[in-house]
Each structure stands twice: as structure tokens, then as C-alpha cells.
Amino acid sequence: MKVKLLLIKTYYSFPIQLLLLHFRKYQVLLVFWIILFSTINGGFAKLFGGDALFLAPEYLGKVNFYSTTILGLATGMFTMSWQITTFILHTGRFKFLATTAQPFFKYCLNNSIIPLLFIISVLVRGWEYQRYEQLNGIPDILLLGEGFICGVLLIFFFCFFYFFNADKNIGRRLEKRFGNPRNFLKVILKPTQEPDENALPVHNYFTSPWKIRRARNVDHYNKHYLDNILKQHHFAAIITVGCSLIFLVILAYMMDYKVCRIPAGASVLIFFAFLIGVAGAYSYMLQTWSIPFLLVLLFGINWMVEHDWLDNRNKAYGLNYRERQDRPEYSVAALQKFFTKDRYEADKEETLKILDKWRKKFPEDQKPPLIVINFSGGGSRSATWTVNVLQRLDSLLDGRLMNHTVLMTGASGGMLGASYFRELYYEQLQGKPIKLTNPSYADKVSQDLLNSVFTAMAVNDFITPWRSFTLDNNKYAKDRGYAFEMQLNEHTDSVLNKTLHEYYEPEHNAEIPMLIWNATINADGRRLMISPQRISYLCSPEYLYPTRQIRDIDGVDFGQYFAGQDAMNLRITSAIRMCATFPYVLPNTFLPSNPIVDVMDAGIRDNFGQQTTLRYLYTFNKWINENTSGVVYIQIRDTRKNDITPIKKHKDLSDMLFEPLFTMQQHWSAMQDFDQDDLLNYMEGYFPNKFHRIIFQYVPQKQDKAAALSWHLTSREKLDIERALDNPANQSAFDYVVKLLGSHNFTGAGNPVKER
């Protein structure tokens with residue numbers, strides 16, 4: 001009997017009734033908690049390194065006491081916003097709170113089950129993450145945890161102090177409203193005859209963390225008086241929502257200053273806090289009109305976007321979007337009319353001149369091996385792996401790697417690393433004190449980019465989408481694309497802060513290899529190929545025995561097609577970003593065509609850059625056979641080739657429902673591999689006994705501990721990528737490249753090797 005009575009009391013306790021109420025009403029407010037719990041536990045956004053935003057928050061490039069304190073402050077703000085919002089929505093069902101001292105504090109104390117579980121989860125998961133991923137010691141981890149707890153408690157104390165003073169003011173205002181104390185007591189103790197249909201039964205509640213009290217019966221109180229008390233608290237709560245909005249707007253306008261770029265996890269939490277606050281205030285003020293008003297608001301925003309009143313579409317920095325009349329038409333007929341056979345031949349001749357200049361760097365009596373390099377996509381993982389491999393190769397070849405290379409192309413993160421390494425090589429040629437094998441370059445390219453992207457998404461893209469900046473008289477949105485490029489320039493000492501035009505001469509004179517950035521046009525899947533050179537010969541297949549009267553254009557030479565829009569002024573960082581636009585993480589880039597088209601990640605069409613390279617080799621196969629000792633085809637990829645995803649022994653219902661939908665996405669890279677291997681088989685026939693394919697692949701030391709496909713790497717992941725160079729398969733590949741170029745000890749007359 002006592003056990004049954006205890007269970008009944010527990011069930012009708014205020015904390016349990018509140019917990020159940022959250023699941024019965026306004027479930028949308030629980031979505032935020034679900035996302036956060038899933039993220040820190042490696043579920044939601046794991047592929048993008050979402051857990052690192054909360055478990056290793058970076059501030060000013062470091063994870064320290066200050067960064068975790070800021071995360072703690074944001075966690076406190078989110079928690080209090082949720083408490084305030086649910087307080088507004090639910091306290092009408094618990095009128096006994098109006099008779100207590102400090103009702104908001106009592107509500108938060110009894111409504112702390114979910115927030116407390118989240119804070120404990122962050123601390124526990126943070127300990128594991130810092131210990132095994134960031135490789136930190138126990139004293140450092142304890143300091144980080146202390147910072148987080150201090151931040152949370154600071155917000156809690158501030159909010160409760162605010163509402164404690166609000167309690168005093170509310171009592172004074174109500175006494176004035178109801179008259180002298182005697183009339184005041186008569187009114188509040190005069191029961192109403194109206195039954196409260198929304199009230200929920202509560203047996204007991206916590207008055208402090210260590211004290212439980214029986215909930216008072218408030219039937220003898222005037223219902224309108226109790227409502228007035230709660231409404232006064234609601235008004236005080238709504239003020240905090242306005243404060244959150246003001247803070248986010250200030251944060252957005254101060255994004256250009258490093259000190260104001262708070263950790264991305266903190267930005268996400270503050271943004272969630274604002275959304276919850278808005279949802280609560282919105283529902284409270286509009287009541288039954290909330291849904292119609294929301295529909296009208298959405299239709300209004302859609303109309304403004306459709307009629308260009310509100311245009312925050314991402315643009316490629318350097319391109320001219322001002323003139324609308326002279327934009328190139330984007331259609332099948334226009335592409336076929338532009339990329340003609342004559343243009344094809346003229347551009348081919350220009351590239352042959354580049355190849356002739358490259359050949360002159362080597363002795364006439366010795367045919368040099370020609371190197372082409374492809375780089376796979378894969379975020380910071382691929383960028384870091386690319387730089388590590390190129391540094392090791394260049395060291396083993398005594399600085400001859402770039403001298404023998406004529407073409408570099410690929411996708412996404414790999415192209416970031418390739419662009420950075422090539423620029424360092426170019427600066428070395430110009431006499432700058434660059435040592436290509438310096439490990440600091442791999443460290444710089446591996447630095448976090450996700451933090452700035454997610455911070456900008458939270459405070460710029462959603463809160464202040466109208467913000468913009470001007471470059472060369474052109475206006476562009478200050479969104480997460482801008483934040484990505486700004487952060488990339490900071491990490492790489494702004495060596496990539498150049499335009500496409502600045503690479504025309506060094507490429508045309510064969511001082512540095514040609515580099516082609518690829519992107520995928522969403523409208524039809526064609527490749528957008530970005531190069532300072534004229535490369536229309538890569539935009540369509542060359543049929544030796546034509547079977548069609550028209551040309552099948554499957555790519556667009558960006559430089560020529562958008563010449564009227566100042567294509568050569570395109571920023572290199574924008575070219576990298578267009579090549580690496582993973583869905584949702586970075587914004588799709590719109591191009592000034594008619595009609596407007598947008599582009600995104602090159603990996604959708606070709607994650608390894610092989611299609612562009614194979615067409616290049618086919619186009620110039622005759623020259624290559626006559627002037628070189630053969631082709632050394634190098635592929636640098638961040639995934640294991642011919643790998644098989646572990647097959648589940650037992651499948652649940654979700655597997656049966658969703659596997660058919662995502663099978664193609666999960667095996668996209670493998671399918672590209674199989675298709676491109678078939679093409680390579682044919683390509684070898686054009687270079688009999690002169691085609692050498694070498695693959696460098698990142699293979700993690702532990703299969704289930706591979707570096708995340710993200711713009712953030714942990715200390716353990718960086719170390720794992722570096723150690724992958726010594727993998728037996730990669731060691732064999734290094735030895736093979738050295739063997740192929742070992743008999744060619746010339747360094748080239750045009751570019752003597754400097755001391756490194």
C-alpha cells in the first residue's frame with residue numbers, strides 16, 4: 001500500500017507532470033533538445049563533425065577555459081530561454097505557482113530534468129572526446145569542464161536575480177491595481193465560479209533542491225488574480241527574448257573581428273534560444289491567430305524573394321552581377337553555339353604552346369616523364385591528406401614534383417590542399433623563404449573552418465540576411481560563404497587571396513602546373529571548369545569518327561563563357577569554395593547567366609577529378625607520346641579504394657524503409673570508381689607501356705576511427721592522417737614514383753631547384 005501511494009505521489013509530482021506535459025503539448029520545443037542530444041552523442045551531423053562544435057569549442061583558434069566558458073554561457077541562455085518559453089505556455093495549468101514566492105525559480109527547479117541531463121551529457125562526452133580525440137591530459141580536461149560549468153551558472157544566477165526583483169515589482173503593481181490591502185485581500189480570496197479546464201493535478205513540488213512541499217489548493221483564489229500574476233511574469237520573460245535578438249544582431253555585425261567570433265556551438269545554442277523564445281512569444285501573443293499569421297508571413301517572404309526584394313543568394317566574389325542585359329544565355333542551343341569546333345581547336349593550340357614551354361625546361365636529348373595529379377573531395381580530411389602527400393613526394397623527388405607536373409585537378413577539399421601547395425611552390429620560385437616540406441603548412445590547412453561557417457549560419461544567414469560587403473564595386477551577401485573564405489585566408493596567411501587572372505601568366509609560361517577547379521551545375525549536371533587558361537576542348541568529347549551532327553557539350557569553360565562578367569576577377573578562394581560546396585554546409589553559388597544557374601560540390605559529378613584529366617590526356621595523347629617518356633598518373637584520395645561497407649547481419653525496420661532511398665548516395669564514390677576504372681582501361685591503350693597509375697589513399701589505423709568528412713579535424717585525426725603516409729601500400733606507391741623519376745636526374749633548365 002505504501003509503495004502504491006509513493007508511486008502515485010511520484011507520478012503526480014510537479015517534475016514528472018511537467019516532463020509528461022512537454023511530450024503531450026508543444027512537442028516542437030523538444031526538437032531542439034533532440035537535435036542537441038543527438039549531436040553531442042555522435043548521431044546528428046556526425047558526418048560533418050557536428051559533435052566537435054560542442055565537445056571541442058574553439059575560440060580564437062584554441063580550445064581552452066575561455067572557449068568552454070562561452071559555450072557554458074550559451075548553454076545557460078538556451079536552457080533559460082526554454083524555461084521561459086515553457087513557463088509562458090504551461091504555467092496556466094499550474095495556478096498554485098502564483099501563490100508561491102519566486103514562482104519562476106520554483107518552475108525552473110521542477111522543470112530541470114531535461115536541462116540537467118543535457119549538461120551532464122556534455123560533461124561526460126566532453127571528457128571522453130578531449131581524452132581520446134583531442135589527446136588532452138586530465139588537468140586540462142578538468143579546467144575545460146570548470147569553464148563550462150562557470151558559464152552555465154553565471155547565466156542561471158543572472159536570470160534568477162532578474163526574476164527575483166521582478167517578483168517584488170509585480171506584487172507592488174498588483175496591490176496598486178486592486179486598491180488598499182483590505183480590498184486586495186477581498187478580491188484575491190474571492191473564488192470564481194468558472195471551472196479551470198486546463199488545470200493539471202499536482203501533489204507536490206520541490207521548493208529547493210533538497211525540500212519537497214505539498215502543492216496548495218488554489219480554488220479559493222480569484223482566477224483572474226492568479227492569471228494577472230502569471231501574465232506579469234510572462235511580460236518579464238518576453239523581454240529576455242528581445243535581449244537575445246539584440247545580442248545576435250550585434251554578434252552578426254561584429255563578425256569581422258576575431259574576438260567576436262564565438263565558438264560555433266555557442267552560436268547554434270544562442271540561435272536555438274532565440275527560436276524557442278520567438279516561438280513562445282509568438283504563440284502567447286497571437287494565440288489562435290498564430291497559424292494564419294505564420295502562413296501570411298511565409299507567403300510574404302516568398303513573394304519578396306521571388307521578386308528580388310530580398311536577395312541573399314550567394315555569389316562568386318569578383319564576378320559582375322550588376323549588368324543583367326548582357327548575361328550569357330544558359331541553354332543547350334546557346335552552349336552548342338558558343339563552344340564551337342573552331343574554338344575547340346584554337347584553345348587546343350594555346351595549351352600545346354604551354355606544353356611546348358614545359359618541354360623546354362628539360363634537356364632535348366631526354367624525354368621527361370609527365371605527371372598529372374588528381375585529388376579527391378573530403379573536406380579538411382582530404383585537404384590535410386593532400387598537403388601531407390605532396391610534401392612527402394616533393395621531398396623524395398628532391399623538389400622535382402611540381403616541375404614535372406602539367407595538370408592538377410580534382411574536387412572539394414583535395415583542391416583546397418592542392419591550391420595551397422601550388423601557391424607555396426610559386427612563391428618559392430619567386431624567391432620567398434618557403435620550405436615546401438615545412439610541417440606548419442599541413443597544420444595551417446588542417447585548422448578549423450567549421451566554426452566560422454556554423455557561426456555565420458546562425459547569426460548572419462538567419463538573423464541578418466541583408467548584410468553585405470562591396471568588392472570591386474560589386475555587392476555580395478555576408479553569409480557563411482564569406483565567413484569560410486575569410487577564415488581560409490586567415491589560416492593560409494592570405495596567400496590564396498588572389499584572382500584567377502594572376503595565375504594566367506605563370507601557367508601560360510609553364511612556370512607552375514595548370515590547375516582546374518571543377519563544380520557541378522545543378523540545372524543539368526554539367527561540369528563548370530574554372531581555369532585562367534582557355535580550355536573549351538574539355539567541354540565536349542572529341543569524336544574521331546563523328547556519328548552526330550551536333551556537339552554534345554557536357555561542360556562549361558567558366559573563363560570564356562562568363563568573360564563579359566569579369567570571370568578573370570574571380571577570387572581563388574571563391575573557386576575553391578564553389579568546388580567544395582557540400583550541401584547545406586556551404587551555400588550554393590549563383591552565376592550571372594540567363595536564366596540564373598547555381599553550382600555546388602564537384603564530387604556530385606566526379607569526386608576524383610579523373611574525367612577532366614582523362615579528357616585532357618586523350619586530347620593531347622599524340623603530343624605526349626612524341627615528347628615524353630610516359631604519363632605518371634597520380635591519384636591522391638582520402639578514402640580506401642575498393643572498400644566494402646560492413647554489411648549488417650540483422651536489419652531493423654528503419655533499414656528496410658530507408659536503405660532503398662539512400663543506397664545510391666552511400667555508394668556514390670564506389671560507383672564513380674568502377675566507372676572511371678573502366679575509362680582508365682581504355683586510356684592505357686593510347687599510351688602503350690607508358691602509362692603508370694599510382695594511388696595514395698588515406699587508410700585510418702582503425703577502420704571505425706577514420707577522420708570525419710568535415711571542415712574540422714581533431715588532434716587524433718590529424719595525427720592519424722599523418723601516420724597514414726607510412727602505410728605499406730602508400731610506402732610502395734612512394735617508392736614506385738621515385739623509381740619512375742629516378743632515372744631522370746635533370747631538374748629542368750627553366751626552373752632550377754632551390755635549396756629547401
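Colleague: What are the ground rules?

Modeller: This is a predicted model: local features need pLDDT of at least 70, side-chain atom pairs count only at pLDDT 80 or more, and totals for chains, interfaces and linings use all residues. Residues are numbered from 1 along each chain as its sequence is written, and side-chain values use heavy atoms, with hydrogens and water left out.

Colleague: How many aromatic pairs does the count come to?

Modeller: The count is 29 aromatic pairs. Rings of Phe, Tyr and Trp (its six-membered ring) pair if their centres lie within 6.5 Å; planes under 30 degrees apart are stacked, over 60 edge-to-face, the rest tilted. Tyr 537 and Phe 620 have ring centres 5.2 Å apart and planes at 85 degrees, so that pair is edge-to-face.

Colleague: Where do Tyr 537 and Phe 620 sit in the chain?

Modeller: The pair links distant parts of the chain, 83 residues apart. Tyr 537 is in the loop between β9 (527-530) and β10 (555-557), Phe 620 in the loop between α24 (610-619) and α25 (621-627). Helices (H or I, at least four residues) and strands (E, at least two) are DSSP runs, numbered from the N terminus.

Colleague: Is Tyr 537 buried or exposed?

Modeller: Buried, at a relative accessible area of 0%. Phe 620 is buried too, at 1%. The cut-offs: buried is under 20% relative accessible area, exposed over 50%, partly exposed in between (1.4 Å probe, protein chains only).

Colleague: Which residues form the aromatic cluster?

Modeller: Phe 32, Trp 33, Phe 37, Phe 78, Trp 82, Phe 118 and Phe 272.

Colleague: Switching to charges. Which ring does Arg 343 lie over?

Modeller: Phe 338, at 3.9 Å from the ring centre. Arg 313 has its charged end over the ring of Phe 590, 5.5 Å from the centre. The test is NZ of Lys or CZ of Arg within 6 Å of the ring centre and within 35 degrees of the ring normal.

Colleague: How many disulfides?

Modeller: Zero, with a disulfide taken as two cysteine sulfur atoms within 2.5 Å. Cys 108 counts as buried at 4% relative accessibility, and Cys 579 at 1%.

Colleague: And Gln 366, where does that lie?

Modeller: In the loop between α14 (341-359) and β4 (369-375). Gln 366 is partly exposed, at 33% relative accessibility. Gln 366 and Ser 629 are 263 residues apart in sequence, yet 8.3 Å apart in space, C-alpha to C-alpha.
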